[in-house]
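Subject: Structure for your review

Dear colleague,

Please find below the structure that I would like to hand over to you. My notes on it follow directly after.

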Amino acid sequence: MSLSFTDAQLAAISLYFLAILKIYTSTMFPTVGGGDSGELVGTACSQASSHPPGYPLLLLINNFFNSVLFSESSQPANRMNFGNCIIGSLATIGVFYLTLLLCRVLSSPPSSSPPKSKKKSKAPNHSTNVANSDFFVSLTFSTLFAFSEGIWEYVTQTEVFPLNNLLCALLLSTLVKFLFQSHSQSQSKFTPSAHSMCILGGLLCGLCMSNQHTSSIYVLTSITFVAFSNNCKLFHRSNRSTLSFTAVATLLGLSPYLYLVYRSFQKPIDGWGDQSNFDGLLTHFFRKEYGTFKLASDWEAGETQNLEKVVRRFKLFFLAFDHESFHVGIPFLLSFALFTVKNRAISAFAILANYITYLTFFNSLANLTFGELHLEILARMWQQSNVAGFAMAGAGCANVLHSTGFDHPAKSKISISIYIVLSSLVLNRNYASMDRSHVKVYLNYAQDVLSQLPQNSLLLVNDDMNCNTIHYLTSCENPRPDITFVRLPLITYDWWKPMQLSHHKHQVAFPGARHHPYDPEGFSMKTFLDENIDLIANREIYVAGSWKSGDDTQDVYQRVPVGLADRVVKGGEEVDLVEFGNAALTRFKEYKFEDTLGNLRVGSWELVMATKYQTYFSATAHFIAAHISRNTKEVTAEDKIALCETSVMFYERYLEISERGGGGLFGVDENGPLYSIGQVFRNGGVMAAMLGKLHGDFGNSELEEQAAVRMFKLWEVFLVKCELENVMEESACAETSSFVLGRVNPHSGKSYKNHANFSWLNERFGEDSKGKLKVKLRLRGEKREMEEE
């Protein structure tokens, strides 16, 4: 089966591809993106394996784009992002072509098993001109696919999904053509066309498995249809050459893994795993370190599954598909299924079976929680199902249009109108939110982390975004070659020491086989720090992110929040608080906060990055608050004022970031985006009270009053959270309530009850019949947010 396009249609397809590419590149990340993007670009720069299953095909393609698109003015991430946009645009064309094939299949007469005959017959000619109505309907649904949020977001940065979408679209298209041709001729031997399609399908199966292993469900389902369709014709003696060539083509498709084996012998820096031996290769290929057929290892983020969770994931998927298809996708999917049954179209049924099998397996095996970020990760895996979903919905729409009885010109006009309306709607709805052309938060964050570090520091990092963003910067741009960069999650594996330690010769002491406090051959983090803290004179150790869970031995060391990465010092070591405060002010001016706060969409990685800055602000403010009264070094009154001012300023910035979070300042879900901790605002008010007293002692009444305003602003937030949440200490809420009720600074004892500048407190707080503070909600929608929770 082949599709014949007119010259005008071919020109339209070319322009369509260029238009898709233009829109993608205009919204593309200018540098490294979120999620796994940093790691994928970083491993391309060092030509090393990424996390399991390694993505060797994408590694080779990224290296190609990095080399071909090279220019002195562009960053590696920018070049690979552009290449990703090209792949994403091709994937859209793939969905468009698959939709047209399904339209052709459903418009054919009902199929039946071909008669058995030993007489050779000429293969029928299945070439058909593409109707304009089918053409524009296919354009419509491929456009809905291309500009749906789940697809668009991962095209504009370097990711595995666009290539997976392209390969799956090609695999399903090849499956449709093979099944249609093999079921349309009676002879036992495949026609040359079917023979070619079978071999191409084998190659695509191997290529799919060399990229994203979620495609394995499509691969196995497609192989099942090819093997058992038409009375297992593939295994007939006359088709042995087809079977043999298909097997060879499949192995050829898997050959990119040989590159990982080759590179593994070179031991590239910051690679994952050891593929230089067969066991290591299988471990990586089958993702054993995560858990085969799981999104996360059970100890890391996984959870047990049950029927209720599976049903919930199905519901979330179809709600998302319904939204992204403007509520027409599900009805047309159902119509596609009905037409498939009516026409007994085996090719169409194969696509439907792939779709149902993938959704069933994936939603059953996905072991992530239902938190916002994990749902965002889950939604990334729905892209593969949408390749088939939008194509089937488009074919269903086209066949509904055919069944209306309109003549060809009328159907063409209707399909063109549908294309214009739905394409305009999807672009109008999603363009602004998907425009990442200004987002540099990931690069800025990595630069902010490295810029704070003294010469020759040892940097330990944990969690995805710390690991991936800094991995990109150190591997591709490497502005600080003096820094020794170690990812804490990787040193827990046996392969890290033989594969990576040589890159850190004389810089890192590795006191065992791996980091594991309960492994006889392993070591605890305390032992690691003991060995490295004084290994090199004047060398400092920093850590970005939390320590690895399951080991608290390192708690004998102190973490000093000197920046986005904490300095690790021996327990009891005194910190010069004045120097600490001055350094905090310097970094406050250097860090690119506004880039971080510019696009805080719920579930986005930008929100995760903002949380890191939020945590830094609170940790720095707390550190000053905890040490200002008990610091044994001489601190002058002027120094205390400066320290209190820095602490309050950092508490206020914490408040500012919390207000911009998707969950709202007064969200009560502790796992929600940028959830703010009430106690932080209480402590901030205490520091503002101390600042006011110090200004009063110097006779500066104006600054004293300004500090009081800041004190009450912070305590206002604290008391509202006391009202909304059950986790606050009653004694702390009661004490702060008495201060606010009396409008008094507890440090100075000064009351502001009759001051005009504090009348705004009356709009927030009142007094009940028992003389206790009464918090008035709704002023900022807090009660509504609480009810929604």
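Cys45 and Cys476 form a disulfide, with their sulfur atoms 2.1 Å apart; the term is used here for a pair of cysteine sulfur atoms within 2.5 Å. Please note that this is a predicted model, in which local features need pLDDT of at least 70 and side-chain atom pairs count only at pLDDT 80 or more, while totals for chains, interfaces and linings use all residues. Residues are numbered from 1 along each chain as its sequence is written, and side-chain values use heavy atoms, with hydrogens and water left out.

Disulfides

The link of Cys45 and Cys476 is right-handed, with 105° about the S-S bond. This pair links distant parts of the chain, since Cys45 belongs to helix α2 (residues 37–46) and Cys476 to helix α20 (residues 464–477), 431 residues apart. Helices (H or I, at least four residues) and strands (E, at least two) are DSSP runs, numbered from the N terminus.

I describe a residue as buried under 20% relative accessible area, as exposed over 50%, and as partly exposed in between (1.4 Å probe, protein chains only). Cys45 therefore counts as partly exposed, at 25% relative accessibility, whereas Cys476, at 18%, counts as buried.

A disulfide also joins Cys722 to Cys733, with an S to S distance of 2.1 Å. With -85° about the S-S bond, this link of Cys722 and Cys733 is left-handed. Cys722 lies in helix α28 (residues 701–724) and Cys733 in helix α29 (residues 730–741), so the pair ties together parts that are 11 residues apart in sequence. Both Cys722 and Cys733 are buried.

By the sulfur distance rule, the count comes to 2 disulfides. If the bonded cysteines of the protein are numbered in sequence order, the pairing is 1-2, 3-4. Cys397, by contrast, is in no disulfide; the nearest cysteine sulfur, that of Cys103, is 8.5 Å away. Cys397 counts as buried, at 5% relative accessibility. Cys467 is buried too, with a relative accessible area of 6%.

Helix α14 (residues 329–343) has 15 residues and reaches 21 Å from its first C-alpha to its last, which is close to the 21 Å expected at 1.5 Å a residue. The expected span of a helix is 1.5 Å times one less than its number of residues.

Which residues of α14 are buried? They are Gly329, Phe332, Leu333, Ser335, Phe336, Phe339, Thr340 and Asn343. Seen down the axis of α14, these buried residues fall within an arc of 160°, so they line one face of the helix; the arc is that of the directions from the helix axis to the C-beta atoms. As background, an α-helix has 3.6 residues a turn, so residues three or four places apart point the same way.

The buried residues of α14 pack against α4 (76–106), α5 (132–146), α13 (307–324), α15 (346–365) and α17 (383–402), where contact means heavy atoms within 4.5 Å. On the face of α14 turned away from its buried side are the exposed residues Leu334, Leu338, Val341 and Lys342. After α14 comes Arg344, whose phi is positive, near 50°.

Helix α19 (residues 441–451) is mostly covered, with 9 of its 11 residues buried. Among them are Tyr442, Leu443, Tyr445 and Val449.

The open sheet

An open sheet of 5 strands has the order β4-β3-β5-β7-β6, with mixed pairing; two strands pair if DSSP finds at least two bridges between them. β4 (484–487) and β6 (557–560) stand at the edges, each with a single partner strand, so one side of each is left without a neighbour in the sheet.

Strand β3 (residues 458–461) pairs with β4 in the parallel sense over 4 bridges, and Leu459 stands opposite Phe485 in β4. β3 and β5 also run parallel, joined by 4 bridges, and Val461 stands opposite Ala544 in β5. The pairing of β5 with strand β7 (residues 566–570) is antiparallel, over 3 bridges; the bridge partner of Val543 in β7 is Asp566.

In a regular strand the side chains alternate between the two faces of the sheet. In strand β5 (residues 541–544), Ile541 and Val543 point one way and Tyr542 and Ala544 the other way, and all are buried.

Yours sincerely,
A colleague
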